[in-house]
Amino acid sequence: MHHPYLQPYRESLDLHGVGFEATLWASRESQRIRFKTMTEMCFLTGKRVMDVGCGSGDFAAYLIDHEVLYERFIGIDALGEVIAHASERGLPDSEFHAGDALADERELLKGEPEVICISGTLNTMSDHEVMQLLEASWRAAGQALIFNFLSNRTGPNAPPQLPPARRMDTIKLLDWSMRRSTNVCFRQDYFESGHDATILMRKEE
């Protein structure tokens, strides 16, 4: 039984197969910008990096292409078909696992990740599911958690957000982050009119 947040991905997968379209990213360029922002905010070289909702492993491929030499990349995704495709890509120092972290947060402990990354995965979740995944990811991360989401504090020129993705309460997520760490970094400057936001939380030394 899949969580409802997975249904749009399942439908896209059934329609398009395991290609890029199944990820529900608006474009490869927007995906690249979000990945670039994460690598600018968080030092991933030499780290054990987990990507929650990794899809076909595009973040690992991006890091390799940009010579971000992680120690180990651990991708997890609830859709077994995309995990099979990611595994077949032969990305070095990478492993991919089929599993839903909302159903079993022990999935987040695989490979003992130092940094947990969540990119695009929160967009179709309910508020309750978002907070459940973030809490579990923060507990599991050895050093840091970084995640992006569609901000609800946009400028007037931001594009309307159509279902199945939805905007989230930016101030609530910042408050949640700052209640758990004093070492928090926030960015909402990489898309026009603040369309998207990224939060980085580091564990206290």
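Modeller: A residue is called buried when its relative accessible area is under 20%, exposed when it is over 50%, and partly exposed in between, with a 1.4 Å probe and protein chains only. This is a predicted model, in which local features need pLDDT of at least 70 and side-chain atom pairs count only at pLDDT 80 or more, while totals for chains, interfaces and linings use all residues. Residues are numbered from 1 along each chain as its sequence is written, and side-chain values use heavy atoms, with hydrogens and water left out.

Biologist: What percentage of the 205 residues in the protein chain is buried?

Modeller: The protein chain exposes about 9700 Å², of which carbon and sulfur atoms supply 51%, the areas coming from the Shrake-Rupley method with a 1.4 Å probe. Of the 205 residues in the protein chain, the buried share is 53%.

Biologist: In what order do the strands of the open sheet lie?

Modeller: Helices (H or I, at least four residues) and strands (E, at least two) are DSSP runs, numbered from the N terminus, and the protein chain has 6 helices and 7 strands. Two strands pair if DSSP finds at least two bridges between them. The edge strands, each pairing on one side only, are strand 3 (94–98) and strand 6 (184–187). With mixed pairing, the open sheet of 7 strands has the order 3-2-1-4-5-7-6.

Biologist: Which residue of strand 3 is the bridge partner of aspartate 77?

Modeller: Strands of a sheet pair through backbone hydrogen bonds, either parallel or antiparallel. Strand 2 (residues 72–77) and strand 3 pair in the parallel sense over 5 bridges, and 5 bridges also join strand 2 to strand 1 in a parallel run, where valine 49 stands opposite phenylalanine 73. On the strand 3 side, the bridge partner of aspartate 77 is alanine 98.

Biologist: Why is strand 2 described as largely enclosed by the rest of the structure?

Modeller: Strand 2 is joined by parallel bridges both to strand 1 and to strand 3. Strand 2 is largely enclosed by the rest of the structure because, of its 6 residues, the number buried is 5.

Biologist: Which elements do the buried residues of helix 3 pack against?

Modeller: Helix 3 is mostly covered, with 6 of its 8 residues buried, namely Asp58, Phe59, Ala60, Ala61, Tyr62 and Leu63. Taking contact as heavy atoms within 4.5 Å, these buried residues pack against helix 2, strand 1, strand 2, strand 3 and strand 4.

Biologist: At roughly what angle do the axes of helix 2 and helix 3 cross?

Modeller: Axes are lines fitted to C-alpha atoms, for helices over the stretch in contact, and angles run from 0 to 180 degrees between N-to-C directions. The axes of helix 2 (residues 28–41) and helix 3 (residues 58–65) come within 11 Å of each other, and the crossing angle is roughly 65°.

Biologist: Is glutamate 114 buried or exposed?

Modeller: Glutamate 114 lies in the loop between strand 3 and strand 4. Leaving aside its neighbours within four places in sequence, glutamate 114 is in contact with Gly46, Lys47, Arg48, Ala141, Gly142, Gln143 and Ala144. With a relative accessible area of 13%, glutamate 114 is buried.
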